[in-house]
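Some notes on this model follow, point by point. Please read them with the coordinates open.

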Amino acid sequence: MTCGFNRRPGSCIPHAVTDTLTAFAQAKLATLEAQSLKRSLTPTHRLDGLWVERGGRRLLSFSCNDYLNLSHHPAVKAAAIAAVQAHGAGAGASRLVTGDHPIFSELEARLAALKGTEAACVFGSGYLANSGIIPTFVGEGDVVFVDELAHACIWSGAQLSQARIVRFRHNDMQDLAEKLAGLRGEGRALIATDGVFSMDGDIAPLDKISRLAQAHEAWLLVDDAHGLGVLGEGRGTAALFPDARIDLAMGTFSKALGGYGAYVCASAPVIDFIKTRTRTLVYTTGLPPANAAAALAALDVVAADPALAAAPLAKAQRFTRALGLPEATSSVVPVVLGEAERTLAAARALEAEGFLVVAIRPPTVPAGTARLRVAFTAGHPDEEIDRLSAAVRPLMAS
């Protein structure tokens with residue numbers, strides 16, 4: 001059978017092949033459905049930095065990572081609109097071809113100054129950054145030590161590198177030290193961790209990890225997607241550990257800065273090497289200039305209002321005090337309920353009360369630890385936090 005360009009899509013694929021593929025997908029979906037693990041996209045209209053509309057209902061969201069409510073800040077929106085009008089909707093090509101707009105250099109200089117490094121590199125997303133950076137520096141014959149609760153994009157980068165992957169227990173420095181000591185003869189070594197863990201809200205002990213990295217001649221990569229803008233007076237998690245040496249300081253614009261995109265800060269030679277060899281930068285279209293402009297405007301807002309960065313943590317701590325939970329150390333608070341179906345039911349109960357608090361289930365979190373992930377922003381009214389606390393309390397006991 002020959003296939004010409006005028007044939008309809010899929011017409012050259014035997015029905016038996018498509019039927020087996022469909023059957024495979026249906027069987028997998030049925031299994032997930034039975035375990036309350038099937039996921040579905042839900043149309044959600046974000047009305048501002050706090051409120052959303054779902055299914056015709058207006059809900060107060062405690063599930064957005066827009067920690068400073070900057071996605072709807074007038075200055076941030078105005079900067080993005082002006083950039084679209086001046087530079088168009090997209091970058092046009094890879095940054096190494098024609099997609100390297102001068103605004104990226106401005107943003108990179110700003111980020112390097114914020115993080116106290118020589119240089120920075122902007123990426124299209126956090127997933128692109130970590131999945132590309134790690135294979136750039138380690139490969140076959142090397143070792144990547146990864147915190148067991150690190151974000152999925154760190155695990156993807158480690159797997160793509162073809163280096164040996166060594167999982168260490170979450171924030172367990174003794175376990176990391178023992179594994180470093182046992183495996184440091186295997187080539188180059190990289191330790192990769194989140195700064196703030198996105199599903200647990202706790203913080204990596206970067207001072208201790210840094211000392212171990214230096215003692216074993218390992219490099220340290222920290223994903224600070226959930227720390228930038230909300231910890232260390234807005235400078236991020238590393239600012240809480242001034243003595244820590246972080247070789248690759250990565251983060252995103254899609255959480256507290258309210259936009260989209262990512263970055264890594266490091267020494268100038270490291271950044272130069274990333275820009276010439278990291279496949280997820282070299283072989284993908286550059287970030288739209290409007291996203292870079294929005295990030296610059298958001299950084300201006302954070303710098304001008306030091307109290308803004310402190311607000312999400314204060315709101316989270318109000319919630320943990322009300323429920324007798326361990327004191328929040330970031331803007332994320334997990335309410336672990338255990339089983340997926342129980343957690344889904346809890347989310348539905350909160351939605352009935354006017355709150356959007358999404359249930360997080362395996363494989364995003366370990367089996368048996370399904371949870372309500374409660375994310376606090378600077379704009380959440382205290383009275384609504386108190387009302388949420390009252391609504392969550394019986395769900396914890398049921």
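Predicted model: local features only at pLDDT ≥ 70, side-chain atom pairs only at ≥ 80, totals over all residues.

1. F376 is buried, with a relative accessible area of 0%. The rings of F62 and F376 form an edge-to-face aromatic pair, 5.6 Å centre to centre with 70° between the planes. The pair links distant parts of the chain: F62 sits in the loop between β3 and α2, and F376 in the loop between β14 (370–375) and α13 (382–397), 314 residues apart.

2. How many aromatic pairs does the structure hold? There are 6. One of them is F62 with F355, also edge-to-face, at 6.0 Å between centres and 70° between planes. F62 belongs to the loop between β3 (57–61) and α2 (74–87) and F355 to strand β12 (residues 355–356), so this pair ties together parts that are 293 residues apart in sequence. F355 is buried, its relative accessible area being 0%. Taken together, F62, F319, F355 and F376 form one aromatic cluster.

3. Next, the nonpolar interior. Nonpolar side chains tend to be buried together in soluble globular proteins. Here the largest nonpolar core has 62 residues, and those with the most contacts inside it are L107, L111, F145, L176, I191 and F253. Helix α10 supplies the largest share of this core, 11 residues. A second, separate core of 26 residues includes F123, A192, A266 and I274.

4. Leaving aside residues up to four places away in sequence, L107 touches V122, F253, A292, A295, L296 and L299. F253 is also among the residues with the most contacts inside the largest core.

5. Which salt bridge partner does D300 have? D300 pairs with R110, with the closest N and O atoms 2.8 Å apart. The two come from distant parts of the chain, D300 from helix α10 (residues 289–304) and R110 from helix α3 (residues 102–115), 190 residues apart.

6. D175 takes part in two of the listed salt bridges. With R169, the closest N and O atoms are 3.6 Å apart; with K179, the N to O distance is 3.1 Å. K179 and D175 both lie in helix α6 (residues 173–183), 4 residues apart, about one turn of the helix. Is D175 buried or exposed? D175 is buried, with a relative accessible area of 4%, whereas R169 is partly exposed at 44% and K179 is partly exposed at 26%.

7. Across the whole structure, a search finds 17 salt bridges. R95, D100, E108 and K275 are linked in a network of salt bridges.

8. Strand β5 (residues 143–147) and strand β6 (residues 164–168) run parallel and pair over 5 bridges. Between them the chain passes through helix α5 (residues 152–161), and this β-α-β crossover is right-handed. V144 stands opposite I165 in β6.

Key: Residues numbered from 1 in each chain as written. Heavy atoms only, no water. Salt bridge = Lys/Arg side-chain N within 4 Å of Asp/Glu carboxyl O. Buried < 20%, exposed > 50% of the residue type's maximum accessible area, 1.4 Å probe, protein only. Core = buried A, V, L, I, M, F, W, Y, C linked by side-chain atoms within 4.5 Å. Contact = heavy atoms within 4.5 Å. Pairing = 2+ DSSP bridges. Right-handed = clockwise from strand over helix to strand, strands pointing away. Phe/Tyr/Trp six-rings, centres within 6.5 Å; stacked < 30°, edge-to-face > 60°.
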